[in-house]
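Please look over the sequence and the model first.

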Amino acid sequence: MERLVFRSFFCHLSTFQLIWFMAAGMLCRAQVVTQDVRERLNTPASLRCSLQNPQEVLIVTWQKIKAVSPENMITFSKNHGVVVQPAYKDKINITQLGLMNSTITFWNTTLEDEGCYKCLFNTFGAGKISGIACLTLSVQPTVSLHYKLSEDQLNITCSANARPAPMISWKISGSGIENSTEILVHPNGTTSVTSILQIKDPKSQVGKEVICQVLHLGTVTDYRETVNKGFWFSVPLLLSIVSLVILLVLISILLYWKRRRNQDRAVKLHSEGRDDELEAASLYTTPNGIVTVTFHETTTM
């Protein structure tokens, strides 16, 4: 009988303790209000923590959450003011000096700053009360859209570089279109996505508008390009043009050489006094002594 009473008392005590600990835990979690922040890379960013229930706070500590254990970054107290750990000198500061509300600011965010941070309120009587705020860094898309048109194929390329990785889609009509995508992650944390459309019937797209749609952080932006006819070379056409140019150059050289030879011959005959042999040429001596030769047709009566 005594054993049953003891067990009943133990069960009631355990249930009471469980309810108390759950309520205390929920109360502690609800006491600190935080908000996750997304900012652009290489710009200032701020994280805030607010202690909702009045407490006697002795010191506020900000920690960076790491895989092994949290790392102290900066603290604030009435007695010692702001104390920044050496690893974070000139990188962060507490920009809202308070024991109930605290804000830290990163002067110029880098990739190493992305992650989650714990604000820890050390109180008298209630112990440590903490909250967690996370910082996510982004880079706005840089987009390039261009095309290459040839006689038998049209390639349209849309490339977007951003953080986090963007997504590319197309608005284009027609058939015989193939799409390939390349993804490249850069050391600076950005990702380049390149989408290439290969169109086998380029004439069907001439004069039409092609739209590249870039999705980044829930926002879709359209980039437009109109395909112009332009001018291109085919191999047979290129060979024909080259051959024609070479032929014209050879004919010009031949005619110049023939004319030059006749002029030299006429000058020689004139200097030797053999003008009777000049049947188809007229000589004219300029005032400065230069002899010019003009050839003409002769008519026999």
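What does the accessible surface of the protein chain come to, and what share of it belongs to carbon and sulfur atoms? The surface is about 20300 Å², and 58% of it belongs to those atoms (Shrake-Rupley method, 1.4 Å probe; for residues, only the protein chains shown count as cover).

This is a predicted model: local features need pLDDT of at least 70, side-chain atom pairs count only at pLDDT 80 or more, and totals for chains, interfaces and linings use all residues. Residues are numbered from 1 along each chain as its sequence is written, and side-chain values use heavy atoms, with hydrogens and water left out.

The chain has 301 residues, of which 29% are buried (under 20% relative accessible area; exposed is over 50%, partly exposed in between). Its secondary structure comprises two helices and 18 strands (DSSP runs: H or I of at least four residues, E of at least two, numbered from the N terminus).

Leucine 250 lies in helix α2, residues 235-271. Leucine 250 counts as exposed because its relative accessibility is 53%.

An open antiparallel sheet has the order β12-β15-β16 (strands pair if DSSP finds at least two bridges between them). Its edge strands, β12 and β16, each pair on one side only.

| Strand | Residues |
|---|---|
| β12 | residues 167-171 |
| β15 | residues 209-216 |
| β16 | residues 219-226 |

Eight bridges join β15 and β16 in the antiparallel sense. Glutamine 213 has aspartate 222, in β16, as its bridge partner.

How values were computed:
Buried means under 20% relative accessible area, exposed over 50%, partly exposed in between (1.4 Å probe, protein chains only).
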